[in-house]
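Here is a short briefing to read alongside the model. Take a look at the fold, then follow the notes below.

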Amino acid sequence: MSIIVFGSINIDLVATVPRLPMAGETLLGHNFVQVPGGKGANQAVALARLQVHTHMVGRVGTDSFASELLYNLQNSGVDSSNVSIDDNVSSGVALIAVDDKGENQIIIVPGANGRVNQEDVEKLSDLLPNSTALLLQFEIPMAAVVAAAKAAHQAGVKVILDPAPAQSDVPDELYSLVDIITPNEVEAGQLVGFPVNNAESAKQAAAVLLQRGVKCAIVKLGAKGVFCATAEESFFVPVFPIQVVDTVAAGDAFNAGLAAALYEGLSLHQAVMWGAAAGALAATKPGAQTSLPDRLTFEAFLKERGFD
């Protein structure tokens, strides 16, 4: 059995700066790197590094970035045979600024990601009979996200949605197709229409999301921890104390850790803890996929903190 990731594949162009720029301001940066990214590809690579059999479904262009992106997926252990090459557009690009505190600003040019459509959903559908979960994000067209969720829901495959980038106009029908939704503070606030910045507001946001039809709402509060709620239970998981270097892809690592734990039959509480641990580890290194932990590193991190 495998997990499918349906979503974006980007090249990340990352500049480190002393602080994030204001509008109209030019800053001198410390460093520049070019690395594979995209929320979909990040989650796929993170899963593969945690030793989960992973399929990536998405699109790249025909530019010089495409071969690098495909090679990286394959080299990371991801099955990329269902990634299409689109002759009419560039690969997706993310322009990222990261400051000395590890905070970031990101501009995304969708490229081929913006052309993901029903053809890609059909490729996804062929994989569903041998899959346990489908991971989705919002860096591809919403129509494709809804169609993919619908296909997985009908096949009895768990749907895990990372509603990022933040959006306020999510179709009502999508919520009832989602088993687990994992917004951060900003995304949760956009979804529910009020600020989410602490455990109490996270609890209120989760209640709204459950009312809309999702089966489990997990609200990531950054350094303040993670709140999780279903119709049957709710609980809070504190963060793992770390020295933050760069928060790029920490949310993607969280979803991979969460999905990997469920793939291995662990409880929801354990899965949220795995997600928190994977996200914490990703924040200790710079970059997107370059920061994602392998299984040995992940297990050592948990063991050092008393979790076997």
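What percentage of the 308 residues of the protein chain count as buried? The share is 54%, where buried means under 20% relative accessible area, exposed over 50% and partly exposed in between, using a 1.4 Å probe and protein chains only. Please keep in mind that this is a predicted model, in which local features need pLDDT of at least 70 and side-chain atom pairs count only at pLDDT 80 or more, while totals for chains, interfaces and linings use all residues. Residues are numbered from 1 along each chain as its sequence is written, and side-chain values use heavy atoms, with hydrogens and water left out.

**Overall fold**

- The protein chain holds ten helices and 13 strands; these are DSSP runs numbered from the N terminus, with helices being H or I of at least four residues and strands E of at least two.
- The C-alpha trace spans about 50 × 45 × 40 Å along the principal axes of the protein chain.
- Among contacts with a separation of 6 or more, 67% are between residues 24 or more positions apart, a contact being heavy atoms within 4.5 Å.

**Surface and charge**

- About 12900 Å² of the protein chain is accessible surface, and carbon and sulfur atoms account for 53% of that; the areas come from the Shrake-Rupley method with a 1.4 Å probe, and for residues only the protein chains shown count as cover.
- The chain carries 18 positive and 32 negative charges, whose mean positions are 4 Å apart.
- In that tally Lys and Arg count as positive and Asp and Glu as negative, with His and the chain ends not counted; each charge is placed at NZ of Lys, CZ of Arg, CG of Asp or CD of Glu.

- The structure has three aromatic pairs; rings of Phe, Tyr and Trp (its six-membered ring) pair if their centres lie within 6.5 Å, and planes under 30 degrees apart count as stacked, over 60 as edge-to-face and the rest as tilted.
- One of these pairs is Trp-274 with Phe-298, which is edge-to-face at 5.1 Å centre to centre with 70° between the planes.
- Trp-274 sits in helix α9 (residues 268-282) and Phe-298 in helix α10 (residues 295-304), so the pair ties together parts that are 24 residues apart in sequence.
- Both Trp-274 and Phe-298 are buried.
- Phe-240, Phe-301 and Phe-307 are linked into a cluster by ring pairs.
- Leu-302, also found in helix α10, counts as buried because its relative accessibility is 4%.
- Beyond residues up to four places away in sequence, Leu-302 touches Phe-240, Trp-274, Ala-277 and Phe-307.

**A buried asparagine**

- Asn-82 belongs to strand β5 (residues 79-85) and, at 15% relative accessibility, counts as buried.
- Leaving aside neighbours within four places in sequence, Asn-82 is in contact with His-55, Met-56, Val-57, Gly-58, Lys-123 and Leu-127.

**Backbone points to check**

- Most residues other than glycine have a negative phi, and most peptide bonds are trans.
- Gln-51, a residue other than glycine, has a positive phi near 70°.
- Gln-51 lies in the loop between α1 (39-49) and β4 (54-60), and its 59% relative accessibility makes Gln-51 count as exposed.
- Ala-164 and Pro-165 are joined by a cis peptide bond with omega about 0°, and Pro-165 is in the loop between β9 (158-161) and α5 (172-175).
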